[in-house]
Amino acid sequence: MIRFLALLSLTLWWGGLTFYAAVVVPIGADAFGSTGQGFVTQQVTHWLNGFALVSLLLCVVPVFQSRRRWLVGVWTVLLITLVSLALIHRQLDMLLDSSSETVLEPSRVYSIHPAYLWITAVQRLAGIC
């Protein structure tokens, strides 16, 4: 049962992230502009990171029981990237005022945001394994 729930949670996380990045972000940027889309993304990534956490927690027992080093390594990379994303997200949240949809320090946001994107890319590549 745990493996089934782990698979479902991974599907929700992975499918959600893929659909959001491939479909919602481009449409949102066209409709609301990049700043408006950024405020949507701010909220959505909280959910996606939450799905990721649930997935990793559900996978921990099957992964470590498998005793496959590469699988344990992938799980570890996914955990490290998730923690990194959460820390960066916290920094970005402090630079955004959602109530007025104002970017408080645009230069800091634009200097931090690429790290978030690169870590997400590493996370996606690790997840392919």
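1. Let's begin with the open space. The largest pocket has a volume of about 720 Å³. Its lining takes in 31 residues, and those nearest the centre are Gly-38, Thr-41, Thr-45, His-113 and Leu-117. Please keep in mind as you read on that this is a predicted model.

2. H1 has the largest share, with 17 residues. Sorted by class, the lining of the largest pocket holds 16 nonpolar and 13 polar residues, along with two charged ones.

3. Now for the next pocket down. The second largest pocket has a volume of about 440 Å³. It is lined by 19 residues, and Ala-6, Leu-10, Cys-59, Val-63 and Leu-71 are the closest to its centre. H1 and H2 each supply at least two residues of this lining, and H1 gives the most, with 11 residues. In the lining of the second largest pocket, 15 residues are nonpolar, two are polar and two are charged.

4. The protein chain has three helices and two strands. Reading from the N terminus, their order is α-α-β-β-α. The C-alpha trace spans about 50 × 25 × 20 Å along its principal axes.

5. Next, how the helices pack, starting with H1 and H3. The axes of H1 and H3 come within 12 Å and cross at roughly 150°. That angle is over 145 degrees, which makes H1 roughly antiparallel to H3. The crossing of H1 past H3 is left-handed. On the H1 side, the contact is made by Trp-13, Trp-14, Leu-17, Thr-18, Thr-35, Thr-45 and Asn-49. On the H3 side, the residues are Tyr-110, Tyr-116, Thr-120, Gln-123, Arg-124, Gly-127 and Ile-128. By class, the contact of H1 with H3 divides into six nonpolar, seven polar and one charged. For anyone colouring residues on screen, Thr-45 of H1 belongs to this contact and is also one of the residues nearest the centre of the largest pocket.

6. H1 also packs against H2. Their axes are 10 Å apart, at an angle of about 140°. H1 and H2 are therefore oblique to each other. Their crossing is left-handed. What is the make-up of the contact of H1 with H2 by class? It has 15 nonpolar residues, six polar and one charged.

7. The axes of H2 and H3 come within 9 Å and cross at roughly 160°, so H2 and H3 are roughly antiparallel to each other. H2 passes H3 in a left-handed crossing. H2 brings Val-74, Val-77, Leu-78, Thr-81, Leu-82, Ser-84, Leu-85, Ile-88, His-89, Gln-91 and Leu-92 to the contact. From H3 come Val-109, Ile-112, His-113, Ala-115, Tyr-116, Ile-119, Thr-120, Val-122, Gln-123, Ala-126 and Gly-127. The contact of H2 with H3 has 14 nonpolar and eight polar residues, and no charged ones.

8. Finally, a single residue to check in your viewer. Where does Val-72 sit, and which residues does Val-72 touch? Val-72 is placed in helix H2. Leaving aside residues up to four places away in sequence, Val-72 touches Val-63 and Phe-64. Of these, Val-63 is among the residues closest to the centre of the second largest pocket. Val-72 and Pro-62 are 10 residues apart in sequence, with a C-alpha to C-alpha distance of 9.8 Å.

Definitions and conventions. Residues numbered from 1 in each chain as written. Predicted model: local features only at pLDDT ≥ 70, side-chain atom pairs only at ≥ 80, totals over all residues. Heavy atoms only, no water. 1 Å grid on protein atoms, 1.4 Å probe; cavity = no way out; pocket = protein on both sides within 12 Å on 5 of 7 lines; lining within 4 Å. Points joined across faces, edges and corners; volume = space filled by probe spheres on them. Helix = DSSP H or I, 4+ residues; strand = E, 2+ residues; numbered from the N terminus. Nonpolar A, V, L, I, M, F, W, Y, C, P; charged D, E, K, R; others polar. Axes fitted to C-alpha atoms, helices over the stretch in contact; angles between N-to-C directions. Parallel < 35°, antiparallel > 145°, perpendicular 65-115°, else oblique. Left-handed = near helix turned anticlockwise from the far one by under 90°. Contact = heavy atoms within 4.5 Å.
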